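Please open the model in a viewer and keep the sequence panel at hand.

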Amino acid sequence: MCVPMGRFLQIICFASGLALVAMAGVQWNDPDRGVWMAFYLIAAMFSLWTGWRPRGAIGALAGVYALAALGTALLVFTDDLTSDWIDREGGREAAGLIVTSILLLPAVVRGLRARRARI
C-alpha cells in the first residue's frame, strides 16, 4: 500500500513538530532557556500548523525561519563548529539551529505544495 505524498508530509510535519517540542523541553536547565525554548516552540508551531492545515504563507514563513536559523548557525557560531563542537556551548546551540532547519523542511514543502495546488 502506497501512502500519498500529502499524507506522508503531514505525518512528517507532526513528527517534526513533536521533536521540536521535545527539543524545547530539553532546554529547561539551560541558563538562557527562555530564548531557546521560544525558538524551538515557534518552529514547532510552524511544523504542527502546516501539518494540520497546510497554507502557502505558513510554509513560506517556515522557510524564512529555517533559513534564518541556518544562517545564524553558520555566521554567528562558525568558530564553535569544530571537531569538539559537542563540548562547546556555541557548538551545541549551532547544532540545534541546524537540526531545526532540517526539521522545518517538510513544513516548507507541504506549505508550498498547498500554495501551488491553489494557484
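Begin with the largest pocket, to whose lining α4 contributes the most, namely five residues. Helices here (H or I, at least four residues) and strands (E, at least two) are DSSP runs, numbered from the N terminus. The model is a predicted one, in which local features need pLDDT of at least 70 and side-chain atom pairs count only at pLDDT 80 or more, while totals for chains, interfaces and linings use all residues. Residues are numbered from 1 along each chain as its sequence is written, and side-chain values use heavy atoms, with hydrogens and water left out.

Select Val26, Gln27, Asn29, Asp30, Trp36, Tyr40, Glu89, Arg92, Glu93, Ala95 and Gly96 to display the lining of the largest pocket. A pocket is an open set of points, on a 1 Å grid over the protein atoms alone, where a 1.4 Å probe fits, with protein on both sides within 12 Å along at least five of seven lines; lining residues have an atom within 4 Å of a point. Its volume, the space filled by probe spheres set on the points, which are joined across faces, edges and corners, is about 200 Å³. At least two lining residues come from each of α2 and α4 (89–118). Colouring by class gives four nonpolar, three polar and four charged residues in the lining. Ala, Val, Leu, Ile, Met, Phe, Trp, Tyr, Cys and Pro count as nonpolar, Asp, Glu, Lys and Arg as charged, and the others, Gly among them, as polar.

Next, select α1 (residues 5–26) with α2: the angle between them is about 165 degrees and their axes lie 8 Å apart. Axes are lines fitted to C-alpha atoms, for helices over the stretch in contact, and angles run from 0 to 180 degrees between N-to-C directions. The pair is therefore roughly antiparallel, a term for angles over 145 degrees. On the α1 side, residues in contact (heavy atoms within 4.5 Å) include Phe14, Leu18 and Val21, and on the α2 side Tyr40, Leu41 and Leu48. This contact comprises 14 nonpolar, six polar and no charged residues.

Move on to α2 (residues 33–52) and α3 (residues 56–76), which pack at about 150 degrees with axes 10 Å apart. These helices, too, are therefore roughly antiparallel. Select Ala38, Phe39, Ile42, Ala43, Phe46, Trp49 and Thr50 in α2, which meet Ile58, Leu61, Ala62, Tyr65 and Ala69 in α3.

Finally, display the whole chain, which has four helices and zero strands. Its C-alpha trace spans about 45 × 30 × 25 Å along the principal axes.

Note on methods. Angles under 35 degrees count as roughly parallel, over 145 as roughly antiparallel, 65 to 115 as roughly perpendicular and the rest as oblique.
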